[in-house]
Structures are given as C-alpha cells and as structure tokens.
Amino acid sequence: MKQQMSSDSLGGLLGRPVEMRTGGGFAAFLRKVWAVAAKDIRAELRAKEVASTMIVFGLLAVIIFGLAFDLRVPKSSMVVPGILWVIVLFAGVLGLHRSFGAEVDRETLAGLLLAPVEPSAIYFGKLASNLLYLFLLELFVLPTLLVMFDTNLFQFYILLGLFLGTLGYAEVGTFFAALTANSRARESMLPVLLLPVMVPVFMAGVGLTAGILDGRPISGLYSWLVILAMFDLIFFVAAYWIVDLIWDGI
Amino acid sequence: MTTALQRKSDPWYGPLLALDVLAGLAMVVAIWAGLLFAKDAVNLAGDERVAQRIFYFHMGCNITATIGFLMSVVGSVGYLVRRTLVWDRIAQAGVEVGTLFAFGIMITGSIWAKPTWNTYWTWDPRLTTATITILIYLAYMLFRNGMDNRHTRARFASIYALFAFLSVPFTYYSARIFRSIHPVVFNGTNAEAQGGDVVGSVGATMGQTLLITITCFIILFLALFFHRWRQLSLESRIEDLREELYQ
C-alpha cells in the first residue's frame with residue numbers, strides 16, 4: 001500500500017515512466033543524436049565557453065603567425081597551408097576537451113549516460129556539436145587569413161579538404177575527449193594523445209591546400225582527398241564499434 | 001643479492017636467470033657477427049663501407065620493436081575480449097620494450113645516415129612513420145600513468161592502442177605521397193634513401209649475419225619482455241594483497 005502510494009506520487013512527479021528506446025530505426029537514432037547535440041549547443045549558447053574561446057584563439061593565432069612571418073617569407077602562400085591546419089588542430093584541442101570535461105566537472109556525465117539512448121548516440125551528438133564549433137572557427141579564420149596573408153583559400157577543393165579533415169579530426173577528437181575525460185590532467189593529456197594520431201590528416205590537409213595554392217592540377221591531388229576520406233570512413237566505423245567500451249564500467 | 005626465500009617463492013627465478021645469461025651471450029655473438037664475421041659491402045667504399053655494419057643492429061632493433069608493438073595490439077585485443085589483466089600486462093610490456101628498441105632504431109639509423117645520406121635526419125616516409133609511432137606509444141605510457149583504477153586503465157589504454165595502430169598505415173602513405181610531390185633529394189641518391197635496396201643487394205655472409213643478429217636481438221627482447229612482464233605481475237599482486245588487507 002505504502003509502496004503503491006510512493007510509486008504513484010513518484011509517477012505523478014516524473015510524468016510518464018522512462019523507457020529505453022532502442023528500436024525505431026535510423027530516423028529515431030538521428031533524433032536521439034540531435035537531442036544530445038541540441039543540449040550541447042543550447043548550453044554553449046548560454047555559457048559561451050567553447051566556441052568563443054576557439055574562435056578568439058584562432059584569430060589570435062593568425063595574428064601571431066602574421067607577426068612571426070611578416071616580411072620574412074618571400075610569398076605568404078608558402079606558409080598559409082601550414083598555418084591554417086596548425087590553427088585548426090590547436091584550436092580544436094582547446095575546445096574538444098570541454099565536450100566531456102564539462103560533463104565531468106558539473107557531474108552530469110552519469111546523468112547523460114543514464115539517458116535512454118545508446119552510447120553511440122551520445123558520441124555522435126557530441127561529434128555533431130564539436131563539428132559545428134570547428135566549422136564556426138574556420139568561418140572566422142579563413143577570412144582573417146585572406147586579409148592578413150592576402151591568400152584566397154575560398155576554393156572548392158581547399159574547402160572540401162578542410163571539410164573532410166575537420167570531420168576526421170572531430171571524430172577522433174571527440175572519441176579521445178571521452179577517453180581522457182576521467183583521467184588526471186585531461187587538458188594536457190588530450191593533445192598528447194590526439195596530435196600523433198592526427199598526423200595523416202595534417203599532412204594530407206597541408207599537402208592538398210599547398211598543391212591547390214601552387215596551382216597544380218587537381219588530378220594529381222586526388223590521392224590527398226582519398227586519404228582524408230578513407231581516414232574519415234575508417235575512424236567513423238571504428239568509433240561506432242568501440243565507443244560502447246568506453247563507458248561500460250562506469 | 002637474492003635470498004633463499006626469494007628463490008623459493010619465485011618459480012621464474014631460474015629460467016629468467018638462464019635467459020639473461022643467454023641474452024648476454026647473444027649480444028656478444030651479434031657484435032662478433034656484425035663486426036667480424038660479415039664481409040665488407042662491395043658496392044660501398046670508405047666511411048660508408050664501415051658504417052654499413054650498423055645495419056645489422058639497425059635491423060635487429062627494427063624486428064624487435066615491431067614484435068613489441070604487435071604484442072601490444074594482441075594484448076589490447078585480448079584484454080577487450082577476455083577482460084583479464086594478464087593481457088593488459090602483455091600489452092604494456094610490449095609497448096615499453098618495443099619503444100626502447102624503437103629508440104635503438106632511431107639512434108643506429110641516425111649514425112648510419114650521417115655518412116650515407118650526409119645528414120642525421122630526413123623526412124623520409126619510413127622515418128616519419130617511425131617517429132609518429134614512437135610519439136604515439138610515449139603518449140600511451142603517459143596516458144596509463146593518469147589513471148588509478150586498474151581495469152579502467154587497461155580498458156582505456158587498450159582502446160587507445162587500437163586507435164593508434166589504425167593511424168600508422170595512413171601516416172606511412174601520406175608521408176610517401178607528400179615526399180613524392182615535394183621530392184627531397186640528397187646527392188641524387190633518393191632511391192637508396194627509401195631503404196629498400198639494401199636488403200636486395202646483400203651477399204651470402206650478409207644474409208647469414210642478418211639472420212644471426214636478428215635471432216640474437218629477439219633473445220634479448222624476450223629476456224627484457226619477460227622481466228618487465230613479471231615485474232608488472234608482481235606489482236599487480238601487491239595491489240591485490242593491499243586491497244585484501246584494507247578491506
């Protein structure tokens with residue numbers, strides 16, 4: 001009787017009982033991914049701590065590189081590919097560790113994991129929000145590079161390479177952010193783990209951007225796009241398979 | 001000095017001591033084979049001919065480092081499937097000893113490169129890949145340090161080792177394309193700089209020496225690996241006993 005009462009009152013308090021919705025096909029999965037991403041984006045719109053930091057750091061880095069190379073380099077398009085990709089990698093590290101670090105700091109990770117969705121939906125939701133922040137960063141950095149270095153990066157294949165590289169970076173970065181969230185010194189651990197694994201994306205991105213800026217025909221540069229696309233694909237599949245293992249003991 | 005108690009409580013003491021002695025002898029044999037037994041390289045002259053002898057040690061380190069890193073993958077997959085810490089210790093010992101030999105590759109390679117390529121270092125695909133691999137496994141060791149719970153540590157380290165291992169072939173291919181689009185040529189010997197034709201042109205004693213030194217290095221690797229593995233097992237045992245004691 002007593003139990004009945006308490007469960008009744010609890011039911012009244014919580015609304016309808018929570019169900020684990022694992023079925024529902026692909027569209028339902030996408031809705032869950034979007035729910036996680038929307039939560040992150042809403043928190044970011046209110047706190048403005050991740051994307052804004054990344055963008056300000058990105059602009060600062062462009063200016064610092066500008067001061068470093070000013071009048072020392074015969075043609076600025078020689079250094080711009082490297083500058084662009086270094087800024088993306090370093091600014092990304094700055095923001096990526098917050099995506100799970102903030103959950104650990106506010107002790108909301110357990111709540112997130114208790115949500116009636118698959119762990120992979122949480123991962124893909126975080127991936128979507130991180131991807132959005134990185135694209136925002138690039139939206140600010142590319143015009144600044146145009147002004148500071150007089151190099152036009154708004155060319156189709158450069159943007160395509162940047163898109164593929166950013167996607168691969170966000171995939172691995174979000175995954176490693178989840179991996180390092182619980183370790184001591186995660187802010188310094190994430191770049192140490194992440195940057196060596198991102199070397200192929202960095203080399204392919206720099207190679208492609210430099211090739212396009214040098215005016216090479218795109219037929220000789222397709223292999224870079226293939227490497228970037230393969231990297232994206234393989235780590236997408238690997239993350240989808242392995243992400244359940246990260247949280248299975250917590 | 002070991003006491004009788006230690007010898008009795010540790011069944012590995014005798015076999016490991018024998019393996020140590022064997023590894024010491026193996027190193028003597030490797031030095032003899034590399035410096036005295038092998039004949040001079042006919043296609044080289046002067047400094048390069050002398051320097052070529054480091055190739056046997058370079059190759060020995062190469063094989064053992066590869067074995068170490070493969071063991072880390074085997075141990076990581078084993079842990080993720082079986083969830084017993086024995087596999088994790090295999091992975092950790094494999095990474096640590098493998099990284100040691102990887103530094104051996106770097107050092108012997110740099111010493112050899114100076115007289116041959118006229119530089120200690122170049123961003124050749126193989127060199128790039130080797131550097132990145134070492135950095136990945138250094139990160140692996142740092143990452144392990146940051147976690148206290150043994151099972152969490154084992155799980156996360158295994159996941160990282162798998163991800164890291166996936167990116168190595170990408171690094172190799174991107175470095176290869178990168179350099180062929182922007183060739184860096186030293187004295188026009190770029191074909192040799194790829195490191196491929198050395199094995200192709202080995203003579204009879206060179207092949208035998210290579211076999212001898214590789215075997216000797218594998219014995220050394222096994223000795224170091226078992227020592228590290230046993231050390232980790234003992235550490236884990238202490239941890240178990242401590243948990244039992246304070247419960």
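Modeller: A crossing is called right-handed if the near helix is turned clockwise from the far one by less than a right angle. The model discussed here is predicted.

Colleague: Which handedness does the crossing of H2(A) and H6(A) have?

Modeller: Helix H2 of chain A covers residues 25-47 and helix H6 of chain A covers residues 119-149. Their axes come within 7 Å. By the clockwise rule, the crossing of H2(A) and H6(A) is right-handed.

Colleague: Is H2(A) roughly parallel or oblique to H6(A)?

Modeller: The two axes cross at roughly 50 degrees. Angles under 35 degrees count as roughly parallel, and 65 to 115 as roughly perpendicular. The angle of roughly 50 degrees therefore makes H2(A) relative to H6(A) oblique.

Colleague: How many nonpolar residues does the contact of H2(A) with H6(A) have?

Modeller: H2(A) contributes residues including Phe29(A), Val33(A) and Ile41(A), while H6(A) contributes Ile122(A), Phe124(A) and Leu132(A), among others. Charged residues in this contact number three and polar ones two. The nonpolar count is eleven.

Colleague: How is H4(A) placed relative to H8(A), oblique or roughly antiparallel?

Modeller: Helix H4 (residues 80-105) and helix H8 (residues 186-197) of chain A have axes that come within 10 Å and cross at roughly 125 degrees. Roughly antiparallel needs an angle over 145 degrees. The crossing is right-handed, and its angle therefore makes H4(A) to H8(A) oblique.

Colleague: How many charged residues are in the contact of H4(A) with H8(A)?

Modeller: Leu89(A), Val93(A), Leu96(A), His97(A) and Gly101(A) of H4(A) meet H8(A) residues including Arg186(A) and Glu187(A). By class the contact has seven nonpolar and two polar residues. The charged ones number two.

Methods:
Residues numbered from 1 in each chain as written. Chains lettered and ligands numbered in written order. Predicted model: local features only at pLDDT ≥ 70, side-chain atom pairs only at ≥ 80, totals over all residues. Axes fitted to C-alpha atoms, helices over the stretch in contact; angles between N-to-C directions. Helix = DSSP H or I, 4+ residues; strand = E, 2+ residues; numbered from the N terminus. Contact = placed C-beta atoms within 7 Å. Nonpolar A, V, L, I, M, F, W, Y, C, P; charged D, E, K, R; others polar.
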